[in-house]
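Dear colleague,

Please find the structure below, handed over for your review.

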Amino acid sequence: MALKLFNTRARSVQEFAPLDPAQKRVGMYCCGPTVYDFAHIGNWRTFVFADLVRRYLEFKNFQVKHVMNITDIEDKIIRRVRETETTLPEFTGKFEAAFFEDLKTLNCLLPHEIPRATEHIPEIITLIEKLIARGIAYQAADGSVYFSIEKYRGGGGNYGQLLKLNFEEMRVGERVKNDEYAKESIADFALWKSRGPDDGDTFWPSPFGEGRPGWHIECSAMSMKILGTSFDLHLGGEDLIFPHHEDEIAQSEGATGKPFVKYWLHGAHLLVEGKKMSKSLGNYFTLRDLLAKGFTGREVRYLLLTAHYRETFNFTLDGLQGAKTALARIDECVIRLRALAGGTAAVPNSDFLNAFSAALDNDLNVSAAWGAVFEWVRKINRKFAEDPLIVAEAASALAAWKKIDSVLGIGLIDESEPPAELNQLLLDRFRARHEKNFKRADQIRDELKAKGWAIEDSPKGQRLKQL
Ligand SMILES: [Zn+2]
């Protein structure tokens, strides 16, 4: 079955067909973090969503090139560098490292390319020069270079491909130097910002004088450098639709004269405990805050993946507790299957795979996909209770689960399979702990240890590791 996705540009669900004539290679760009603070749980929703898209495309046998940039120069960063009296690399380096740690904790696959804006200043300058040469960008009296929306539209450019804009209200000739502004004040936006007194040491030489790039041009330059002038997928949070993505389209199509991106996917907002996240309400969480409360990256990932990406999702601490229970149900089932299957190789059970992919093909309907997972768990448990599974069935179910978990990324990992009887002991211990029989649980742990195996509580669940 074909994958269908909601394309913001078309404002409808469309069948996904990559630009590659062989329908194999897919170029995907996701706007990465602005490294001026720890990423919050709303940001993580977007990155986990991008990870799901990439993993599912790979599940569908596409050959994905996943690019995520690091915005390491931008208005907010400049302000914080000034306030903290640090240098730009010192300041951004710390938050970049934290971001990658968190990405790993959430079991997101590392994008294939992770370009930094500060390492692409020449490409950014070249792109701005192209826009000036085409008469779409101009240098203003303040020394900054701006994108002319009037000239772009006059030359046939379509500004407002993602969002319906009211050009009647546009104040022609107005300019905005800030990276962030509201759609009520559509204006010529800055491509290159001339060096100001507040910029400190953060500036680069350019044909337009000393200064630094605007945020929007960074993504155009980096995405087109790596994925080409036209590529398949561009992702981001819905707050990036305007002005960031609208400006990316204008800059890119203005410079190349070619369509920029075929499918635009946007993840919806996240509420926390029913409200917009804010530090003053006490419902502002970074991933680190949640880990400090005793939750795991695996539980956070699971909860973020339970809501459809286009739905506003209410993230709650109760929900995270629920995630623990849900994951324990899956774990128990998988441990039992492993105990029975041992290392037996098998063809994945196609019923389970088909139900799962039919759900995700439908604009990544994760609710239905989880429905298929828990239906499978129920079925396996019923079989265990009534009509014991044979080894081949268990192996086939396990093989299907492995494939499905290559998309969900929440399951138990199994590099070297321990012998079946040891998995049975792990399962017994799992149950003992569930029944709060800690004495028995400790006995089993010692028994396993005597046999040369340790139980590891990894972020992905319990597993056995050879001592
Ligand atoms: Zn971007």
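**Zinc site**

The donor residues of the zinc ion follow the sequence spacing C-x187-C-x24-H, donors being N, O and S atoms within 2.8 Å of the metal (3.2 Å for Na, K and Ca), with water not among the atoms, so sites may look incomplete. This is a predicted model, in which local features need pLDDT of at least 70 and side-chain atom pairs pLDDT 80 or more, while totals for chains, interfaces and linings use all residues. Residues are numbered from 1 along each chain as its sequence is written, and side-chain values use heavy atoms, leaving out hydrogens and water.

Cys31 (SG), Cys219 (SG) and His244 (NE2) coordinate the zinc ion at 2.0 to 2.2 Å. Cysteine 31 is buried at 5% relative accessibility, and cysteine 219 is buried at 1% (buried: under 20% relative accessible area, 1.4 Å probe, protein chains only).

**Largest pocket**

The largest pocket has a volume of about 1,100 Å³, the space filled by probe spheres set on grid points joined across faces, edges and corners. A pocket here is an open set of points, on a 1 Å grid over the protein atoms alone, where a 1.4 Å probe fits, with protein on both sides within 12 Å along at least five of seven lines; lining residues have an atom within 4 Å of a point. Of its 45 lining residues, Tyr36, His40, Asn43, Asp239 and Leu240 are closest to the centre.

Yours sincerely

Conventions
Buried < 20%, exposed > 50% of the residue type's maximum accessible area, 1.4 Å probe, protein only.
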